[in-house]
Amino acid sequence: MTGTEVLIASAILGSVTSAVGAISQGKAAQDAANFNAQVANNNAIAARAAAAENATRERRLGAKRRGANRALDPDKLDLLEDSAIEEELNVRSILHGGELKAVGFQNNAALSIAKGQSARASGFTSAFGSLLQGGATAAGSFGNGSAGGVGFAQNRTSQTTRGTVGAFGGINDG
């Protein structure tokens, strides 16, 4: 294998490795985002369940308060009615708060899924770019019959105001 062939093979191998890495990174980011989305969905379920339990607890406490009020003065129906209204308001506030939390968790889940899809697409785009760059480098090297091409310095010297350009693009001042 000549030096040119080695450089072409290295460019292609490097591009394929970069492409595989980019795809793997995008897939890993999507998997992490999907996990986060599942956690957020589980949190939404838990928030609704906690709100339902707290509402049940509030109903029981309200029933105890009404019973205590009846025992104090059974003739005060307006007090009992106010107590029932207040109890229902508390229950609905608890359920509403739980629903707001759940919706927030579900929105986070949707955002995580979107981020994961974007990361995966970005991985494929990066992979495609790496393959294109490697192909262009290899094609440029093959076409010139040298190590030169896109991404590699020409395998010849040229005069500059400071010196010559060496095989790998460094300037030689001598």
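The side chains of R60 and E53 meet in a salt bridge, with N to O at 3.7 Å, where a salt bridge is a side-chain nitrogen of Lys or Arg within 4 Å of a carboxyl oxygen of Asp or Glu. This is a predicted model, in which local features need pLDDT of at least 70 and side-chain atom pairs count only at pLDDT 80 or more, while totals for chains, interfaces and linings use all residues. Residues are numbered from 1 along each chain as its sequence is written, and side-chain values use heavy atoms, with hydrogens and water left out.

| Pair | N to O distance |
|---|---|
| R60 and E53 | 3.7 Å |
| R66 and E87 | 1.9 Å |
| R92 and E88 | 2.9 Å |

R60 and E53 also belong, together with R57, to a network of salt bridges. R60 is partly exposed at 47% relative accessible area, and E53 is partly exposed at 38%; buried means under 20% relative accessible area, exposed over 50%, and partly exposed in between (1.4 Å probe, protein chains only).

R66 forms a salt bridge with E87. Because R66 lies in helix α1 (residues 3–72) and E87 in helix α2 (residues 77–144), the pair ties together parts that are 21 residues apart in sequence; helices (H or I, at least four residues) and strands (E, at least two) are DSSP runs, numbered from the N terminus. E87 is buried, with a relative accessible area of 9%.

R92 and E88 are four residues apart in helix α2, so about one helical turn separates them. R92 is exposed, at 56% relative accessible area, whereas E88 is partly exposed, at 30%.
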